[in-house]
Amino acid sequence: MKSIILIAPPSAGKGTISNILSEEYSIPHISTSALLVSAIEAGDEQGNYIKKQMNLGNLVSDDIIISLVENRIMQDDCSNGYILDGFPRNLKQAKSYDDFIIKNNRNLGIVVLLDIDREQAKKRILGRVSCSNCGAVYNIYSKDTRPRIVGICDKCGSTLSRREDDKEDIFDNRFDTYLKDTKPVLEHYEKKGILYKIDSSQELSKVIEQVERIIKEKND
Ligand code: AMP
């Protein structure tokens, strides 16, 4: 199994789909927002800076995120592949990641774009709730991904809450950042012939089916 990079606009379902694939293929789900939330818990100057950027919907500095991701990938549980959710988010991160992979004799794997337009993504964001304990993500307006009990995580029983950055104006900034900074990453991996695109506005089961097909054909 090679690694899978999931790239998507905000609220396209990266977190949900990563969790499902992680269980199915028994490989770790590396979520950059979860890595950043752990770094915030340190309560130091860097943690405060990260919190501020995330709450505004801005990207956190490349140096911080690159170091967090590289440290995580070097852990033993990543040696048989992993799902990268939220990285690389701009060309500098992508080139740095490519160099790191080459230096460590690993394979770039595949890059999957979960595509969704701004209006659909905005609708979804209003229903999103997540678990601050285990990171599971739900959508109260979707029959596929709503929690079994309102406000309670199916997986660990903790209370669900809305993300600070899921407010409408911050969502707009995050979507603009995606168009400006992350879209060039797609072109970068398309040129390398490892980019696959999926319409993520379809129902979840169809999206999963298509990702699984790509993994089977391209990534075994
Ligand atoms: P996400 O949950 O992937 O939408 O990420 C939430 C927020 O975490 C983003 O709006 C950024 O503030 C920050 N973040 C996540 N991944 C990255 C990254 N690769 N580079 C910089 N900031 C990031």
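**Helix packing and ligand contacts**

1. Asp62, Asp63, Ile65, Ile66, Glu70 and Ile73 of α4 are in contact (heavy atoms within 4.5 Å) with Lys92, Gln93, Ser96, Tyr97 and Phe100 of α5. By class, this contact comprises five nonpolar, two polar and four charged residues.

2. The model is predicted: local features need pLDDT of at least 70, side-chain atom pairs count only at pLDDT 80 or more, and totals for chains, interfaces and linings use all residues. Residues are numbered from 1 along each chain as its sequence is written, and side-chain values use heavy atoms, with hydrogens and water left out.

3. Helix α4 (residues 62–73) packs against helix α5 (residues 91–103) at about 30 degrees, with the axes 11 Å apart. The two helices are therefore roughly parallel (an angle under 35 degrees).

4. The axes of helix α2 (residues 32–40) and helix α3 (residues 45–56) come within 8 Å and cross at roughly 135 degrees. Ser33, Leu36, Val37, Ala39 and Ile40 in α2 meet Gly47, Ile50, Lys51 and Met54 in α3. This contact has six nonpolar, two polar and one charged residues.

5. The ligand is surrounded by 16 residues (each with a heavy atom within 4 Å); the closest are Lys14, Thr32, Asn58, Gly86 and Gln93.

6. A ligand nitrogen atom is 3.0 Å from a polar backbone atom of valine 60. An oxygen atom of the ligand is 3.0 Å from a side-chain N or O atom of arginine 89, and an oxygen atom of the ligand is 3.0 Å from a side-chain N or O atom of arginine 174.

Terms used
Axes are lines fitted to C-alpha atoms, for helices over the stretch in contact, and angles run from 0 to 180 degrees between N-to-C directions. Helices (H or I, at least four residues) and strands (E, at least two) are DSSP runs, numbered from the N terminus. Ala, Val, Leu, Ile, Met, Phe, Trp, Tyr, Cys and Pro count as nonpolar, Asp, Glu, Lys and Arg as charged, and the others, Gly among them, as polar. A polar contact is a pair of N or O atoms within 3.5 Å; within protein, one must be able to donate a hydrogen and the other to accept it, and residues adjacent in sequence count only if both atoms are side-chain atoms. Angles under 35 degrees count as roughly parallel, over 145 as roughly antiparallel, 65 to 115 as roughly perpendicular and the rest as oblique.
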